[in-house]
Amino acid sequence: MSDEANKGLLSPLRRKLLMGMAAVPAITMLPKASFAQAPATSAVNTTGLAVTDTEVTVGILHSATGTMAISETGSIEAEKLAIEQINAMGGVLGRKIKFIQEDGASDWPTFAEKAKKLLVNDKVAAIMGCWTSASRKAVLPVMEQYNGMLYYPTFYEGLEQSKNVIYTGQEATQQILAGLNWIAKEKGAKSFFFIGSDYIWPRTSNKIARKHVENVLKGKVVGEEYYALGSTQFNSVINKIKLTKPDVIFTDVVGGSNVAFYKQLKAAGIDLAKQPLLTISVTEDEIDGIGGENIAGAYACMKYFQSLDNPNNKAFVPAFKKMWGEKTVIGDVTQAAYLGPWLWKLTVEKAGSFDVDKIAAASPGVEFKGAPEGYVRIHENHHLWSKTRVGRAKLDGQFELIYETADLVEPDPFPKGYQ
Amino acid sequence: MFGDYSLGDLGSIFVMQGFAGLILFSVYVLMALGLAIIFGQMGVINMAHGEFMILGAYVTWMTSNLFQTYMPGLFGGYFFLAMILAFLASGALGMVVEWVLIRHLYKRPLDTLLATWGLSLMLQQAYRSVFGAREVGVELPQWMLGSLHVTDSIEVPINGVFVMCLTVLITVGVAYVLYMSRWGRQVRAVVQNRIMAGAVGINTEKVDRYTFGLGCGIAGVAGSAFTMIGSTGPTSGQLYIVDTFLVVVFGGAASLIGTIASAFSISQTQSTLEFFMSGSMAKVLTLLAVVGILMLRPQGLFALKVRK
């Protein structure tokens, strides 16, 4: 092991010397910038990260196996695409990004163990990873103890902030409030029926949504129901919905339950064209399993849809499909995962260093103009400023953009008055 | 909670809720039948039951794609062919598994639990490698979507009715095969006394293989039918396995009537409770009731002698 490491250090050095000698005649022709792009390793890496003169190593930590592989596959694909694109543009501070992929296997202790392995053994400069809140909560103490940098892609319940994490997805208020405002105004909605899977994210999200409906919109929540993760029978709750006749059904059901819920809703004769339904848990990825015909007409509140019409997205979608196949779809989280490597690159360049402390300090204010969702910027609290958008599901499994907030919405992971 | 509703509203809700309970009942029977045969008749704890169901679901998905591409005109009827193919595919896989794995473990029933659990992991990863990690959407013919409009407030889901009919059909079929046919008599003879059955000339190995195949085949049909109401992904089988075991154990192993009675009581309890409280609480209360009854009657609702 140590022999290899020595070789790895020596041979690039020798090559560099040779190259340097060969380059002497041409040196006057080079633009000055090329020196600035590849500063000495000792200057940009003072904490012993896996950075050489030509390469920098990052980790990708998602579930490629187990029950979460359904969701996390898209994130892995997006991160690999971003890394490839960054490398094609010359890498970060003149160094190509190399990645080590570890499998969290949908098991939270495994996530923590693999995160430790990436930080302690592989000395990665950053980790793109985690998906569920449970996996993030398992990894967080490891990131803080060994001072790593995590780029976390999923929209989540908020109530968290760490020096060692950049949250590239939306926290709950960013996702929910604007959507509720819109549907209350547009549909004159006064009564809401909440239905969610029974774990922390839907419960926290619904708590925030309930406060907003009752205190701000002056509406009424006529039902709030939770079903165990993996439930496949929703006929009873659908009957309750029919009985209470809410203006809006607001859902955060996840995973396989999602498919069952929409299929049974449709079978029970609830026409989503007439009965407004707002979901914060269905992206293009989920519709693949649900089937467009079962969910057409429903509204989803996200920050990104594959159908977004802007130049960044028009370049992103074909690039993604070229790499991963014509049939793949791109959901909200996949796009947020794509932001991770880019934001890290921009932050490293702003800080002029790979050091985690410097990156954490330099992150606030970093802007990414090439984001497929449009412009994003990192907030002081390490979350992203981003727009909230409402889309309507179509038969072909895509969303049609119906509404977007005029300005970026400020991330507020600890919302006052909503807890 | 009923103060605000008219009598008509309430009446139709009770009807709808009754249907919801019946649909849940059919779903439980359908998913438990295959397991009841394997667990009840052979004493094998098949943890891979859910994966056999999902194989049926994937076969349905492939058949649907095939029809869409090559015979769009016949798409309306593909589901029937898909169910037959699902039965054959899961049944065949079941027989192979019995030959390779299970037959060596008959004398060690607890080991079958581990072996079939390992098998379920292997099958999940196989599905993931072959079909991809993402869920697939099975497209249904138009006539199977939506609901029958009875009155303004009573609507009966067509796929629910379909599952009910299918359940009745398969239950009657299984009952006929087990209790009326010559082969069924052989199965029961082997269950009651393997050595004597062998001594009178019954090929017990063959009976075992076909019984296991039949159980898995029925799981395949159930999986095929559940594409109408649930998801199809590599790990979707896991969604069903707990409920399935609950029904079979509560009913008392080795008893078809027990399975049906237990499916009925669990589904009715659950769907009634679900209506009056939240889904999670209903599940908790149902499980508590089941645990309580099993403490009083460890052998389940209806118990027969099982192979020692």
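Reply: Happy to. Two strands count as paired here if DSSP finds at least two bridges between them. Please keep in mind that this is a predicted model.

With that rule, chain A shows an open sheet of seven strands, in the order β7-β6-β8-β9-β10-β14-β15, and the pairing is mixed. At its edges lie β7 (220-227) and β15 (399-404) of chain A, each of which pairs on one side only. From one strand to the next, the twist averages 25°.

Inside that order, let's stop at β8 (residues 248-252) and β9 (residues 277-279) of chain A, which pair in the parallel sense over three bridges. Here T251(A) stands opposite T279(A) in β9(A). Helix α9 (residues 235-244) of chain A packs on the sheet and touches β6 (191-197), β7 and β8 of chain A. The direction of α9(A) makes about 175° with that of β7(A).

Now α9(A) leads us over to chain B. It packs with helix α10 (residues 256-276) of chain B at an angle of about 35°, their axes 8 Å apart. The crossing of these two, α9(A) and α10(B), is right-handed. On the α9(A) side the contact is made by N235(A), S236(A), V237(A), N239(A) and K240(A), and on the α10(B) side by S271(B), E274(B) and F275(B).

From the N terminus on, the elements of chain B run α-α-α-α-β-β-α-α-α-α-α-α-α. The radius of gyration of chain B is 20 Å, close to the 19 Å that the globule rule gives for 308 residues, so chain B is as compact as a globular protein of that length. Its C-alpha trace spans about 70 × 55 × 35 Å along the principal axes.

Helix α1 (residues 7-42) and helix α8 (residues 204-226) of chain B pack at an angle of about 165°, with axes 7 Å apart. That angle is why α1(B) is roughly antiparallel to α8(B). In passing α8(B), α1(B) makes a left-handed crossing. Among the residues in contact are L30(B), L33(B) and I37(B) of α1(B), and F212(B), L214(B) and I218(B) of α8(B). The residues of the contact of α1(B) with α8(B) divide into 14 nonpolar, four polar and one charged.

Technical notes:
Residues are numbered from 1 along each chain as its sequence is written. Chains are lettered from A and ligands numbered from 1 in the order in which they are written. This is a predicted model: local features need pLDDT of at least 70, side-chain atom pairs count only at pLDDT 80 or more; totals for chains, interfaces and linings use all residues. Helices (H or I, at least four residues) and strands (E, at least two) are DSSP runs, numbered from the N terminus. Axes are lines fitted to C-alpha atoms, for helices over the stretch in contact, and angles run from 0 to 180 degrees between N-to-C directions. Two residues are in contact if their C-beta atoms, placed from the backbone, lie within 7 Å. Angles under 35 degrees count as roughly parallel, over 145 as roughly antiparallel, 65 to 115 as roughly perpendicular and the rest as oblique. A crossing is left-handed if the near helix is turned anticlockwise from the far one by less than a right angle, and right-handed if clockwise. Ala, Val, Leu, Ile, Met, Phe, Trp, Tyr, Cys and Pro count as nonpolar, Asp, Glu, Lys and Arg as charged, and the others, Gly among them, as polar. The radius of gyration is taken over C-alpha atoms; the globule rule is 2.2 Å times the number of residues to the power 0.38.
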